[in-house]
Amino acid sequence: MKHDIAAIARHFNLGGEFVAATPVTAGHINDTYVLTTTARGKTIRYVLQRINHHVFKDPLQVMENIVRVTEHLRARVSRNDPELASRQLVVIPAVGGAACFRDARGNFWRVYNFIEHAVTYDTPESPGLAREAARMFGWFQSLLTDLPKPPLQETIPGFHDTPRRFECFQEVLKADIRNRAARARPEIDFLFQNVDICRVLADLVAGGEVPVRIAHYDTKINNVMLDSATGKGVCVIDLDTVMPGLSIHDFGDLVRTAACPAAEDERDLSKVVLDVSLFEALAQGFAAETGRFLTPAEKSHMVFGGKLITFEQMIRFLTDYLAGDLYYKVHREGHNLDRARTQMKLVQSIIEQEESLNGLVARAFQDSPQTRIERDSS
Ligand code: GN1
Ligand code: MG
């Protein structure tokens, strides 16, 4: 559907005159545009997004979470690094002060500042990049450990409720309304053979060994912005799914997207493997920021988190394939099936190396700077 972006932009308190809107195609859920404006010969850019309200059923709740989180992050960062604080995401209010604008068709729009002189990567190009991305997500989590109450809202209930995701898959498989199950037999069998993966964390949370914290819940490598000149992390973006959640899930999604050199929809499955040096870098980066506050059970389930989230993502892609591509944007026939296949291959690769990966995580936490400080001062 075509939207009159210039007209929508007029509903926000932008610092300049609207010049142009360029669509950004990354992302499977929301629609994103870069807005260019000018004021006294100076260009000011913004990011405009239409929130997918089929996925986020209560966009106002999403924005409430995001405003609280962005304000807290900025305040926390400005204590030590005002320059970095000025490069964090800020919600630009709509005219009248609301955090988003609702158009006559019922779409919800929001605007962020554009983070200049920063880049994102869709795939990890080096262990150094993986380490920095993981450090940023760990940093994000550590900055939110003291977010004042009340708890954030759960904007997508059961987002990482893997057993529920599996039930949903079974329902869709039973209906098979598009007659696609026949094309996905090995993938369907794999899910049933490995279903035990789904339950493990629920039991640890119920037993109190793994606490519910504030999680980002979409820790893809391309949700970290890095300074274009230095490569140092600047900020974490895509805050729609920030909600009460598990640190293990956040590390898990990092493993899924940053420990494998191939894209999420790579068709050449020989490229889809868990790369040990990328994985080790991720563990080191994450441990450097979170070693101080994670529990032993969290630390010892990080590799499991990678396996679980990749397995869960496979369930989600396969479910959507069978249902007829209703949730994720697709760009070719069988796109969701291709995505499910890469996830399956990656789960297999993690399983093959699980023991040695656990050793790497344990070492990363032992060697993390914070653990060392505590050990040396006790
Ligand atoms: C979706 O839209 P995007 O790419 O930020 C999805 C994530 C998935 C991801 C898979 C709200 O995120 O959970 O991991 O696709 N977001 C939602 O690439 O479902
Ligand atoms: Mg997202």
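The model is predicted, so local features need pLDDT of at least 70 and side-chain atom pairs count only at pLDDT 80 or more, while totals for chains, interfaces and linings use all residues. Residues are numbered from 1 along each chain as its sequence is written, chains are lettered from A and ligands numbered from 1 in the order in which they are written, and side-chain values use heavy atoms, with hydrogens and water left out.

The sheet is open and has three strands in the order β7-β9-β10, with antiparallel pairing. Strands (E, at least two residues) and helices (H or I, at least four) are DSSP runs numbered from the N terminus, and two strands pair if DSSP finds at least two bridges between them. β7 (118-119) and β10 (233-236) are at the edges with a single partner strand each, so one side of each has no neighbour in the sheet. Between β9 (residues 224-227) and β10 there are three bridges in the antiparallel sense. Leu226 stands opposite Gly233 in β10.

Helix α4 (residues 127-143) lies across β9 and β10, at about 50 degrees to β10. Such angles run from 0 to 180 degrees between N-to-C directions, with axes fitted to C-alpha atoms, for helices over the stretch in contact; contact means heavy atoms within 4.5 Å.

Asp227 forms a salt bridge with Arg87, with the closest N and O atoms 2.8 Å apart. Asp227 is in strand β9 and Arg87 in the loop between α3 (82-85) and β4 (91-92), 140 residues apart. The structure holds 21 salt bridges, each a side-chain nitrogen of Lys or Arg within 4 Å of a carboxyl oxygen of Asp or Glu.

On a 1 Å grid over the protein atoms alone, a cavity is a set of points where a 1.4 Å probe fits but cannot get out, and a pocket is an open set with protein on both sides within 12 Å along at least five of seven lines; lining residues have an atom within 4 Å of a point. The structure holds one cavity of 30 Å³ or more. The largest cavity has a volume of about 60 Å³, and its lining includes Trp139, Phe140, Cys235 and Val236. α2 (59-80), α4 and β10 each give two or more residues to this lining.

The second largest pocket has about 690 Å³ of space. Of its 26 lining residues, His54, Val55, Lys57, Arg165 and Tyr327 are the closest to its centre. The largest share of the lining, five residues, comes from α11.

Definitions and conventions:
Grid points are joined across faces, edges and corners, and a volume is the space filled by probe spheres set on the points.
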